[in-house]
Amino acid sequence: MSGTTPNGAPPGASDLPQEMKGRQQSSSKMAYMAVIAVVVIVVIIVLAGWQLGWFKSNSSTPATASCPAPVSLTGAGSTFVFPLMYQWYTTYTGSTVNYESVGSGTGISDISAKTVDFGASDAPLTPAQKTNASGILQMPESAGAVAIIFNLPNVNFAAGKSLNVNGSVLAQIFLGTIMNWNNTPLQTLNPGLTLPIDPISVQHRSDGSGTTYAFTQFLSSASTQWATQVGYSTTVNWPVGTGDKGSSGIAGAVETTQYSIAYVDLNYALNNEIHFAAVENPTGAFILPSVNDTASAIADSKDSTNLPLGTGNWSGVDVENAPGAKDYPIATFTYLMFYQNPYAAYGSSYTLQKAENLVNFLNWTIHAGQSYSEGLYYVTLPSSVVAADVVTLDSMNYNGAAIPQAACG
Amino acid sequence: MGIAPNVGMNPFPGEDAGVPAGPPPHSPVPQLEATPRRERIGRWFNSIFRLLVTVLGFGILALAALFIIVLAQGAWPSLLKFGPNFLSTSTWDPVHSIFGVVPFVIGTLLTSAIALLIAVPVSLGVAIFLTEQSPTWLSGPLGLVVQLLAAVPSVVYGFWGFIVLVPYMRLSVEPGLQGSVGKVPGLGGVFGGTPVGTDILTSSVILAIMIIPTISSVCRDSLLAVPRHQREAALSLGATKWETTNFAVLRYASSGIIGAIILGLGRALGETMAVTMTIGNADVIPKSLFSQGQTIASLIANEFTSAGPGSIYQGAIIEAALVLFAITILVNVIARLLVGRVLRVEGGS
């Protein structure tokens, strides 16, 4: 660019390319490109193979101890259970537990891909997902309820009273067949209130959510039209309404949108002091949700004393619409997922010591861990559910041998 | 500075100084002797360097290929089950495993198109003001602010949109539009429905606000690159300021301006967070500007965590990602052809 050497040529390194050009360009260019092409193709194949899991190494070091030395355990999944899980893994000393709050679907993906030691999901595995992750176990580790929230300006409620709704009316609202607040079925449930004529703005979750699972399961049992047209899952094909991302998105939308209605975790509603509706239970009582009424509902529900085995199909389990007079009807479990035989699932690099760490932590969550539930507005598991979970944990084994359990933490 | 081409003259000397014409009096490059040893090392280093950059260059190809392979593999269950119907049906039902991508393709193209309609005139105006009209003491700081706005993370725009813009659209803008433009015969359908605030129009407005800084800062760069003699020639022929801008400057910079618009469009097509927070996330074909909708990007952001591994649902979401990939490539190809055409017609820069 600037400056010249005494002989007039450009100085420094800039004279090299000129020389190289003549020597290399024409003769070796083809061979050169061929080498590059081969290298690139090999890289693609190796990367693709790595992606598709062609290379898996196995090595081994088994060990035993009555209360094993702490190792690091990793879990991923449900955002709903994260506050409780956080309390658990910061309290528990038997192992170092890391939990990634990435969503139930990712939790199921991760445990199926065996990249974590346990997954957490608010919805149970579907039969297809179970087939996909051979040898997987699932157990409820906590429970919650779904609250109905709404925004009705200029409607005054008597002390301790709220909007009354039931499954049938909710299904019609979310199907779009009840479109105004003063529609007869809704007004009939609220004789003391003057409901406005304004159209109902339906809000629902746009992201996959265990809350959606529990809510749509409730609507499916209340309305045959909902069950056949929409069904229940973590995401459904909503007939009407606006989708909002996350509990905070839906709560924010209801707060700012007049005449709206939506559903949200009871846990979230209580933490943020959001006003919710009373939902009619099978005895005809209108119940405002609380942690205690949900716990009694789960204990009273027909399925809670008749739970499947850890290896069984949980997708039909329904703890909603319990028969007790004070039971809140929209209750749901949240699940942990892990492998019955970690040795078979992860290979021999998964030590017995680590398997012991895993089973001890899981055991702790359903026993000592439950004491943290109520303070964080989670529902404490009834004893019948804990008993079923214990059977599931006892069924775990390490390459055929029972895994020693100890209370460590 | 951006895409400014090599032009000798700079209308704003001192801001983006060109290459000095002659050699400086004292060269900063140390004088090195060309010994055989140095030459050998240099040659060796040169071939290593060339290998390195060639591998990196082909690496991009490999990455794109790997990307498509992995996406196609993930989308396989859906590709097998739905085939071409995926591209032509509009039901998105995870419970019954029926998937069609039409609502999201429409949502993506519609929001991006409306965003461009709003953003292009505004951005051009901003860029013209900054380069042609603004006093010099103002154009520097203003240009800086525009570039700063282009760097604001999209989630911030989305949050602002959700908190501020959505209620404003619902309570003021949308009823206003419905009461005025919506009354024009034939336009009632476009502005029909209940204004909810989270809808196609609001997310288009957010997208427009997000891409205005991008488009205007790149436009500004290409207007700055127009040689001063273009302007001087026009002015000397008695052209007004407007005529100078229109005939001498904008035409000359047209390829740069189109490049800026394409950059903005690219950002709008792929924008995820801000759209998810304002579009209403309903898996239906929008019936009006006030309908809720969903773009491909927002669909993926919303639903990827809930699809089980290896399921048809997950396959469908990954296939939707492939479709977005294809749309982006298609838009870029069309835009490139367009730029080539403009260059031939105008014979400008």
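Visitor: Where is B:Trp44 placed, and why is B:Trp44 called exposed?
Guide: In this predicted model, B:Trp44 has its place in helix H1 (residues 36-82) of chain B, a helix being a DSSP run (H or I) of at least four residues, numbered from the N terminus. Its relative accessibility is 57%, and exposed means over 50% relative accessible area, buried under 20% and partly exposed in between (1.4 Å probe, protein chains only), so B:Trp44 counts as exposed.

Visitor: What makes the contact of A:Lys354 and A:Asp117 a salt bridge?
Guide: Their side chains meet at 3.6 Å, N to O, and a salt bridge is a side-chain nitrogen of Lys or Arg within 4 Å of a carboxyl oxygen of Asp or Glu, so the pair qualifies. Because A:Lys354 lies in helix H13 (residues 352-366) of chain A and A:Asp117 in the loop between helix H3 (104-112) and strand E3 (118-121), the pair ties together parts that are 237 residues apart in sequence.

Visitor: Which of the words buried, partly exposed or exposed applies to A:Asp117, and which to A:Lys354?
Guide: At 5% relative accessibility A:Asp117 counts as buried, whereas A:Lys354, at 22%, counts as partly exposed.

Visitor: How do you know which residues and chains are meant, and which values count?
Guide: Residues are numbered from 1 along each chain as its sequence is written, while chains are lettered from A and ligands numbered from 1 in the order in which they are written. Local features need pLDDT of at least 70 and side-chain atom pairs count only at pLDDT 80 or more, whereas totals for chains, interfaces and linings use all residues, and side-chain values use heavy atoms, with hydrogens and water left out.

Terms used
Helix = DSSP H or I, 4+ residues; strand = E, 2+ residues; numbered from the N terminus.
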